[in-house]
Amino acid sequence: MQDLETLIYEINDFSKSNFGFKVEKSSLKTYSSYNWELFCKKNGFNLASEGIYIPNILRAYVKENTDYFVLNIFHELFGHGLFCEHSLFGKKLCTLDFKEAEQYLYKKSNSGISEYFIEDYEGIAMLFEEKISIFTNTIELFNKKLKHFPNYNSIFEKFKNFEKEYSLKEIFVKFEFL
Ligand SMILES: [Zn+2]
(Lines give C-alpha, C1' and ligand atoms only; values in the text may rest on other atoms or scores of the structure.)
Protein backbone atom coordinates (compact mmCIF):
# COMPACT_ATOMS: atom_id res chain seq x y z
CA MET A 1 0.00 0.00 0.00
CA GLN A 2 1.20 3.51 -0.76
CA ASP A 3 2.13 5.85 2.05
CA LEU A 4 -0.59 7.07 4.35
CA GLU A 5 -0.46 10.69 3.28
CA THR A 6 -1.02 9.80 -0.40
CA LEU A 7 -3.78 7.38 0.51
CA ILE A 8 -5.60 10.01 2.55
CA TYR A 9 -5.21 12.51 -0.27
CA GLU A 10 -6.71 10.05 -2.78
CA ILE A 11 -9.60 9.16 -0.50
CA ASN A 12 -10.38 12.82 -0.10
CA ASP A 13 -10.53 13.20 -3.90
CA PHE A 14 -12.83 10.19 -4.03
CA SER A 15 -14.95 11.67 -1.26
CA LYS A 16 -15.32 15.02 -3.01
CA SER A 17 -16.31 13.48 -6.33
CA ASN A 18 -18.62 10.81 -4.89
CA PHE A 19 -20.23 12.49 -1.91
CA GLY A 20 -19.78 16.13 -2.86
CA PHE A 21 -17.70 16.99 0.21
CA LYS A 22 -14.39 16.04 1.76
CA VAL A 23 -12.44 16.24 5.00
CA GLU A 24 -11.25 19.81 5.34
CA LYS A 25 -10.62 20.47 9.01
CA SER A 26 -10.23 17.10 10.69
CA SER A 27 -6.77 15.81 11.43
CA LEU A 28 -5.32 12.42 12.25
CA LYS A 29 -2.97 11.35 15.02
CA THR A 30 -1.72 7.77 15.22
CA TYR A 31 -0.15 6.18 18.29
CA SER A 32 2.03 3.15 18.92
CA SER A 33 0.36 0.60 21.19
CA TYR A 34 2.36 1.86 24.17
CA ASN A 35 1.32 5.46 23.60
CA TRP A 36 -2.23 4.39 22.82
CA GLU A 37 -2.48 2.85 26.26
CA LEU A 38 -1.18 6.03 27.89
CA PHE A 39 -3.56 8.15 25.81
CA CYS A 40 -6.58 6.00 26.74
CA LYS A 41 -5.70 5.89 30.42
CA LYS A 42 -5.09 9.62 30.59
CA ASN A 43 -8.44 10.42 28.97
CA GLY A 44 -10.52 7.61 30.40
CA PHE A 45 -11.14 5.97 27.01
CA ASN A 46 -11.74 2.28 26.50
CA LEU A 47 -8.38 0.50 26.35
CA ALA A 48 -9.79 -2.14 24.03
CA SER A 49 -10.69 0.48 21.42
CA GLU A 50 -8.48 1.05 18.38
CA GLY A 51 -9.64 4.50 17.41
CA ILE A 52 -11.65 7.49 18.51
CA TYR A 53 -12.85 10.76 17.00
CA ILE A 54 -13.18 13.84 19.18
CA PRO A 55 -15.77 16.18 17.61
CA ASN A 56 -14.98 19.46 19.37
CA ILE A 57 -11.35 19.39 18.25
CA LEU A 58 -12.09 17.64 14.93
CA ARG A 59 -9.41 15.09 15.53
CA ALA A 60 -9.19 11.36 14.82
CA TYR A 61 -6.88 9.17 16.92
CA VAL A 62 -5.97 5.68 15.73
CA LYS A 63 -3.85 2.94 17.26
CA GLU A 64 -1.01 1.71 15.02
CA ASN A 65 -0.08 -1.88 14.11
CA THR A 66 -3.55 -3.41 14.33
CA ASP A 67 -5.28 -5.66 11.76
CA TYR A 68 -7.83 -2.97 10.98
CA PHE A 69 -5.50 0.03 11.05
CA VAL A 70 -6.46 1.47 7.64
CA LEU A 71 -10.16 0.75 8.17
CA ASN A 72 -9.98 2.47 11.54
CA ILE A 73 -8.58 5.53 9.79
CA PHE A 74 -11.40 5.39 7.22
CA HIS A 75 -13.88 5.12 10.08
CA GLU A 76 -12.52 7.77 12.45
CA LEU A 77 -11.08 10.37 10.10
CA PHE A 78 -13.51 10.07 7.19
CA GLY A 79 -16.56 8.40 8.76
CA HIS A 80 -16.88 10.62 11.80
CA GLY A 81 -14.88 13.48 10.29
CA LEU A 82 -17.13 13.95 7.26
CA PHE A 83 -20.20 13.66 9.45
CA CYS A 84 -18.97 16.18 12.03
CA GLU A 85 -17.78 18.66 9.44
CA HIS A 86 -20.67 18.52 7.00
CA SER A 87 -23.92 17.43 8.67
CA LEU A 88 -26.03 19.70 10.85
CA PHE A 89 -26.15 17.09 13.61
CA GLY A 90 -22.38 16.63 13.44
CA LYS A 91 -21.80 20.37 13.62
CA LYS A 92 -23.94 20.49 16.74
CA LEU A 93 -21.77 17.73 18.29
CA CYS A 94 -18.67 19.82 17.61
CA THR A 95 -19.99 22.63 19.80
CA LEU A 96 -20.09 20.31 22.83
CA ASP A 97 -17.20 19.20 25.00
CA PHE A 98 -16.41 15.49 24.92
CA LYS A 99 -18.50 14.55 27.98
CA GLU A 100 -21.50 16.57 26.74
CA ALA A 101 -21.16 15.02 23.28
CA GLU A 102 -21.20 11.54 24.82
CA GLN A 103 -24.36 12.37 26.75
CA TYR A 104 -25.96 13.83 23.64
CA LEU A 105 -25.21 10.66 21.67
CA TYR A 106 -27.14 8.56 24.17
CA LYS A 107 -30.36 10.47 23.57
CA LYS A 108 -33.21 8.89 21.61
CA SER A 109 -32.94 9.39 17.89
CA ASN A 110 -35.75 10.56 15.65
CA SER A 111 -34.02 9.42 12.45
CA GLY A 112 -36.36 6.50 11.89
CA ILE A 113 -33.30 4.29 11.31
CA SER A 114 -31.83 3.99 14.80
CA GLU A 115 -33.06 4.04 18.34
CA TYR A 116 -30.30 6.29 19.71
CA PHE A 117 -28.14 9.04 18.20
CA ILE A 118 -25.03 6.97 18.91
CA GLU A 119 -26.28 4.41 16.38
CA ASP A 120 -26.81 7.10 13.77
CA TYR A 121 -23.34 8.43 14.49
CA GLU A 122 -21.74 5.00 14.14
CA GLY A 123 -23.94 3.81 11.27
CA ILE A 124 -23.07 6.75 9.08
CA ALA A 125 -19.36 6.39 9.88
CA MET A 126 -19.59 2.75 8.84
CA LEU A 127 -21.30 3.60 5.58
CA PHE A 128 -18.41 5.92 4.71
CA GLU A 129 -15.95 3.27 5.87
CA GLU A 130 -17.61 0.72 3.59
CA LYS A 131 -17.58 3.02 0.55
CA ILE A 132 -13.92 3.84 1.12
CA SER A 133 -13.03 0.19 1.60
CA ILE A 134 -14.58 -0.57 -1.79
CA PHE A 135 -12.57 2.27 -3.32
CA THR A 136 -9.32 1.04 -1.73
CA ASN A 137 -9.92 -2.69 -2.34
CA THR A 138 -10.14 -3.47 1.36
CA ILE A 139 -13.78 -4.56 1.36
CA GLU A 140 -12.87 -8.10 2.42
CA LEU A 141 -11.12 -6.73 5.47
CA PHE A 142 -14.15 -4.56 6.16
CA ASN A 143 -16.45 -7.60 6.04
CA LYS A 144 -14.11 -9.43 8.38
CA LYS A 145 -14.19 -6.49 10.78
CA LEU A 146 -17.99 -6.50 10.76
CA LYS A 147 -17.99 -10.17 11.72
CA HIS A 148 -15.60 -9.38 14.56
CA PHE A 149 -17.90 -6.74 15.99
CA PRO A 150 -21.50 -8.02 15.88
CA ASN A 151 -22.87 -4.91 17.61
CA TYR A 152 -21.47 -2.73 14.87
CA ASN A 153 -22.72 -5.14 12.28
CA SER A 154 -26.32 -4.80 13.43
CA ILE A 155 -26.10 -1.00 13.28
CA PHE A 156 -24.48 -1.17 9.88
CA GLU A 157 -27.23 -3.44 8.55
CA LYS A 158 -29.91 -0.94 9.50
CA PHE A 159 -28.14 1.74 7.49
CA LYS A 160 -27.38 -0.60 4.62
CA ASN A 161 -31.06 -1.57 4.41
CA PHE A 162 -32.13 2.04 4.47
CA GLU A 163 -29.63 2.85 1.74
CA LYS A 164 -30.89 -0.05 -0.40
CA GLU A 165 -34.51 0.99 0.02
CA TYR A 166 -33.89 4.70 -0.54
CA SER A 167 -30.37 5.91 -1.32
CA LEU A 168 -27.21 7.31 0.20
CA LYS A 169 -28.44 10.72 -0.93
CA GLU A 170 -31.56 10.25 1.21
CA ILE A 171 -29.36 9.57 4.22
CA PHE A 172 -27.43 12.76 3.54
CA VAL A 173 -30.72 14.66 3.30
CA LYS A 174 -32.03 13.10 6.52
CA PHE A 175 -28.96 14.12 8.49
CA GLU A 176 -28.78 17.50 6.77
CA PHE A 177 -25.42 17.28 5.09
CA LEU A 178 -24.96 20.71 3.62
ZN1 LIG B 1 -17.15 5.20 15.41
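Trainee: In this predicted model, at what angle do the axes of α6 and helix α7 cross?

Mentor: Helix α7 covers residues 139–148. Its axis and that of α6 come within 7 Å of each other. The crossing angle is roughly 145°.

Trainee: Okay, and how do the residues of that α6 and α7 contact divide into nonpolar, polar and charged?

Mentor: Start with who takes part. From α6 you have E129, E130, S133 and I134, and from α7 there are I139, L141 and F142. Sorted by type, the residues of this contact come out as 4 nonpolar, 1 polar and 2 charged.

Trainee: Let's move to α3 and α6. What word describes how they lie to each other?

Mentor: Two packed helices get described by the angle between their axes and the distance between those axes. Here α3 (residues 69–86) and α6 (residues 117–135) have axes 8 Å apart, with an angle of about 125°. An angle of 65 to 115 degrees would count as roughly perpendicular, and one over 145 as roughly antiparallel. So α3 and α6 are oblique.

Trainee: Which hand does the crossing of α3 and α6 have?

Mentor: Look at how α3 passes α6 in the structure. That crossing is right-handed.

Trainee: And how many residues of the α3 and α6 contact are charged?

Mentor: On the α3 side, L71, F74, H75, F78, G79, H80, L82 and F83 take part, and they meet Y121, I124, A125, M126, F128, E129, I132 and S133 of α6. The residues of this contact include 11 nonpolar and 4 polar ones. The number that are charged is 1.

Trainee: F83 is in that list. Is F83 buried or exposed?

Mentor: F83 sits in helix α3, and it touches G90, Y121, I124 and A125, leaving out residues up to four places away in sequence. Its C-alpha atom is 10.0 Å from that of E122, which is 39 residues away along the chain. The cut-off for buried is 20 or more other C-beta atoms within 10 Å. F83 has 25 of them, so it is buried.

Trainee: Last one: how exposed is N56?

Mentor: N56 lies in the loop between β2 and β3. Beyond its neighbours within four places in sequence, N56 is in contact with C94, L96, D97, F98 and A101. N56 has 14, so it is partly exposed.

Technical notes: Residues numbered from 1 in each chain as written. Predicted model: local features only at pLDDT ≥ 70, side-chain atom pairs only at ≥ 80, totals over all residues. Axes fitted to C-alpha atoms, helices over the stretch in contact; angles between N-to-C directions. Helix = DSSP H or I, 4+ residues; strand = E, 2+ residues; numbered from the N terminus. Parallel < 35°, antiparallel > 145°, perpendicular 65-115°, else oblique. Left-handed = near helix turned anticlockwise from the far one by under 90°. Contact = placed C-beta atoms within 7 Å. Nonpolar A, V, L, I, M, F, W, Y, C, P; charged D, E, K, R; others polar. Buried ≥ 20, exposed ≤ 12 C-beta atoms within 10 Å, placed from the backbone.
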